[in-house]
Amino acid sequence: MINHQAAQMMARLRSGQLKPEKMITIGGRPVLATNPYRPATGHSRAYSIQLALAFAAIYLVWGSTYLAIRYAVETIPPLVAAGIRHSIAGGILLAWAWVRGFRPTRAHWISGFVLGALFFLIGHGTLHWAEQYVGSGLTALLIATEPMFILVLGWSMGQQKISRLSALGLGLGVLGVALLTGAELTVKGSSLLALLAVLTGSFAWSAGVAISPRLKLPTDALGRTALPTICGAVTLLAAAGLTGEFHTTHWASISFKSVLGLAYLIVFGSLVAFTSYTWLLQRCPPALVATHTYANPVVAVFLGWLLASEPLTLRVVLASGAILAAIVLIRKGERTTKTPASVPQPVEVQTEECA
């Protein structure tokens, strides 16, 4: 029946009775739509739900990982903790992709190690190390520089145009995060080296986002997530060995709280959130995906109020409003920005799907 309808449609197209209007996307796939054609609501709703769940993962789950990292590095050295976290998560993802038929090529492995080093060795390695010395609120403020790095790097590479709305949204977002965590600068002591480490990690992660369209990454979504994760784990464990962290790890003294924190990071921070993050990068503008850095501090504060009886002040409410407004402005700004057609794009990038 379906084949018969398709044959009739092709016959009408050839005869000129129906004329193609434009290419549209349904579920992330290009489809030739005729004038009377309308996308099926079921597909649209399903895709909207997927987008909502993916953004919820990078907004809510990653917002809670600051506390989990703090618990994990209390009794586990930071590079060891990050290396174990991504080894287990990356191993599970790669095994799953392998069973499904994924076979990485040499070019895939090279690209995986490049992204793995940027995302995990530098990005997460410095973050895990810095959380021994820097308060989580201040860390969130510094990580909020990621969208600015992405816009600047994307603009310098010809991948991104900075619209006025995007610039306004970024400024408002930084203001909101500053309002939210400004007290951390005076309340909690911090190491200058740790602050620089967090900024370095933020820049490295942004660089990975900016260059990923130019790398030969797998088209398989699961493999695309697994390779950088497992490659990053290898670099982290190698760095832990070179810095002597394995020799200083007192395995018998690791607390149950650190074990729980590490388990949460593996399951939710890596498997759930990073998979969602990679999936979103294939379908949404990088600067839009990076707005999770604005929402994460809000989540951290509300979790502190809910679980640790931390005060919910007017300052927090105002900052949350500014951050949410920033996300809206950036989304609208991205709709008005077009990427030059000559620039290589990520596999199956469908920017309009996020509109």
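At what angle do the axes of helix H6 and helix H9 cross, and within what distance do they come? The axes cross at roughly 45° and come within 8 Å. The legends below describe close-up views of a predicted model.

**View 1. Helix H6 crosses helix H9.**
Helix H6 covers residues 146-156, and helix H9 covers residues 192-211. With a crossing of roughly 45°, H6 is oblique to H9. The crossing is right-handed. H6 brings Glu-146, Phe-149, Ile-150 and Leu-153 to the contact. H9 answers with a list that includes Leu-199, Phe-203, Trp-205 and Val-209. Ser-202, Ser-206, Ala-207 and Ala-210 of H9 also take part. By class, the contact has nine nonpolar, two polar and one charged residues.

**View 2. Helix H10 packs with helix H12.**
Helix H10 spans residues 221-242, and helix H12 spans residues 256-281. Their axes lie 9 Å apart, at an angle of about 120°. That angle makes H10 oblique to H12. The crossing is right-handed. Arg-224, Thr-225 and Thr-229 make the contact from H10. Phe-274, Thr-275 and Thr-278 make it from H12. Sorted by class, the residues are one nonpolar, four polar and one charged.

**View 3. Glu-131 and Arg-70 form a salt bridge.**
A search of the whole structure finds two salt bridges. In the pair shown here, the N to O distance is 3.9 Å. Glu-131 sits in the loop between helix H4 (106-130) and helix H5 (136-143). Arg-70 belongs to helix H2, residues 41-72. The pair links distant parts of the chain, 61 residues apart. Is Glu-131 buried or exposed? Glu-131 is buried, because its relative accessible area is 0%. Arg-70 counts as partly exposed, at 23% relative accessibility.

**View 4. Arg-100 forms a salt bridge with Asp-220.**
The closest N and O atoms of Arg-100 and Asp-220 are 3.3 Å apart. Where do the two residues lie? Arg-100 is in the loop between helix H3 (78-99) and H4. Asp-220 is in the loop between H9 and H10. The pair therefore ties together parts that are 120 residues apart in sequence. Asp-220 has 22% relative accessibility, so this residue counts as partly exposed.

Definitions and conventions: Residues are numbered from 1 along each chain as its sequence is written. This is a predicted model: local features need pLDDT of at least 70, side-chain atom pairs count only at pLDDT 80 or more; totals for chains, interfaces and linings use all residues. Side-chain values use heavy atoms; hydrogens and water are left out. Axes are lines fitted to C-alpha atoms, for helices over the stretch in contact, and angles run from 0 to 180 degrees between N-to-C directions. Helices (H or I, at least four residues) and strands (E, at least two) are DSSP runs, numbered from the N terminus. Angles under 35 degrees count as roughly parallel, over 145 as roughly antiparallel, 65 to 115 as roughly perpendicular and the rest as oblique. A crossing is left-handed if the near helix is turned anticlockwise from the far one by less than a right angle, and right-handed if clockwise. Contact means heavy atoms within 4.5 Å. Ala, Val, Leu, Ile, Met, Phe, Trp, Tyr, Cys and Pro count as nonpolar, Asp, Glu, Lys and Arg as charged, and the others, Gly among them, as polar. A salt bridge is a side-chain nitrogen of Lys or Arg within 4 Å of a carboxyl oxygen of Asp or Glu. Buried means under 20% relative accessible area, exposed over 50%, partly exposed in between (1.4 Å probe, protein chains only).
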